[in-house]
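Biologist: I have a structure to go through with you. Let us take it one question at a time.

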Amino acid sequence: MQLAHGMRMTRSKLRDKKSKSLLKAGCSNSSMENPSMDIMATISLASKSIEIAKAIRDIDLKVGQADLKGKAADLISALADVKISLVEANDQLHAAEKEIERLKETLRRKDQLVESRGFLYRSRTDGSPQGNPACPVCLEKEARIFFTTPTHDSGRPLQCPNCRAKYFDATEYLYEGDN
Ligand SMILES: [Zn+2]
């Protein structure tokens, strides 16, 4: 029983490490794990804890002292897993909230852009386009707005600073005040 308990605690510590690395990843990585997966796992772990607690309730105390200690150790281990799982689910919900805020901000900024010849530009005060277009690939795939920059490549394409896509058919407009 002691050995088995020790092994479970080791697994808990391993999961704890995973939890911390997830937390770090959540700060920089735009892709998210599904929070509902961890919540499902937590429910499953809580169910396991309830089963162990029921087994403890049903132990015949006169004959089952050792059994009681073992089951109590199992319960502590199972509840530790529940706690870790809740921390992970909380981290992921927090990351999901941040991502929703980011998407809302992107939508708000996108609404302020103006379309010209299939590309989106910053708007002048009169509503006409200015500067270089936003990269349509980054907008479509990542919901991120990156404005293209000029290159000296043959054909003078505009290039996305993020995904490096080149656009040979995009128009550059003068910025307001430059003409
Ligand atoms: Zn791009």
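**From one leucine to the zinc site**

Modeller: L93 sits in helix α3, which spans residues 65-111. Keep in mind that this is a predicted model.

Biologist: Is L93 buried, partly exposed or exposed?

Modeller: Buried needs under 20% relative accessible area, and exposed needs over 50%. L93 has 39% relative accessibility, so L93 counts as partly exposed.

Biologist: L93 belongs to a nonpolar surface patch. Which helix gives the largest share of the nonpolar patch?

Modeller: The patch is made by I39, M40, I43 and L93. Its area is about 370 Å². The largest share is 3 residues, and the helix covering residues 35-58 supplies them. That is helix α2.

Biologist: S49 is also found in helix α2. What is the relative accessible area of S49?

Modeller: S49 touches L75, A78, L79 and V82, leaving aside residues up to four places away in sequence. The cut-off for buried is under 20%. S49 counts as buried because its relative accessible area is 5%.

Biologist: How many Å apart in space are S49 and D74, C-alpha to C-alpha?

Modeller: Along the sequence, S49 and D74 are 25 residues apart. In space, their C-alpha to C-alpha distance is 8.3 Å.

Biologist: Now the metal. Which residues coordinate the zinc ion?

Modeller: Each donor is an SG atom, at 2.2 to 2.3 Å. Along the chain the donors follow the spacing C-x2-C-x21-C-x2-C. Both C135 and C138 are buried.

Biologist: What is the geometry of the zinc site?

Modeller: Ideal angles for four tetrahedral donors are 109.5 degrees. Four donors count as tetrahedral if all angles lie between 85 and 135 degrees. Here the 4 donor atoms give angles of 104 to 119°. The site is tetrahedral.

Biologist: Step back to the whole chain. In what order do its elements run from the N terminus?

Modeller: The chain has 4 helices and 6 strands. From the N terminus on, the order is α-α-α-β-β-β-α-β-β-β.

Biologist: What percentage of the accessible surface belongs to carbon and sulfur atoms?

Modeller: Of the 179 residues, 32% count as buried. The accessible surface of the chain comes to about 12100 Å². Carbon and sulfur atoms hold 58%.

Biologist: Last one. Among contacts with a separation of 6 or more, what share comes from residues 24 or more positions apart?

Modeller: We count contacts in the chain with a separation of 6 or more. Residues 24 or more positions apart account for 54%.

Note on methods. Residues are numbered from 1 along each chain as its sequence is written. This is a predicted model: local features need pLDDT of at least 70, side-chain atom pairs count only at pLDDT 80 or more; totals for chains, interfaces and linings use all residues. Side-chain values use heavy atoms; hydrogens and water are left out. Donors are N, O and S atoms within 2.8 Å of the metal (3.2 Å for Na, K and Ca); water is not among the atoms, so sites may look incomplete. Four donors count as tetrahedral if all angles lie between 85 and 135 degrees; four count as square planar and six as octahedral if opposite donors are over 155 degrees apart and all others between 65 and 115; anything else is irregular. Buried means under 20% relative accessible area, exposed over 50%, partly exposed in between (1.4 Å probe, protein chains only). Helices (H or I, at least four residues) and strands (E, at least two) are DSSP runs, numbered from the N terminus. Contact means heavy atoms within 4.5 Å. Accessible areas come from the Shrake-Rupley method with a 1.4 Å probe; for residues, only the protein chains shown count as cover. Patches are made of residues with over 30% relative accessible area and no salt bridge: like charges are joined within 9 Å, nonpolar side chains (Val, Leu, Ile, Met, Phe, Trp, Tyr) within 5 Å. A salt bridge is a side-chain nitrogen of Lys or Arg within 4 Å of a carboxyl oxygen of Asp or Glu.
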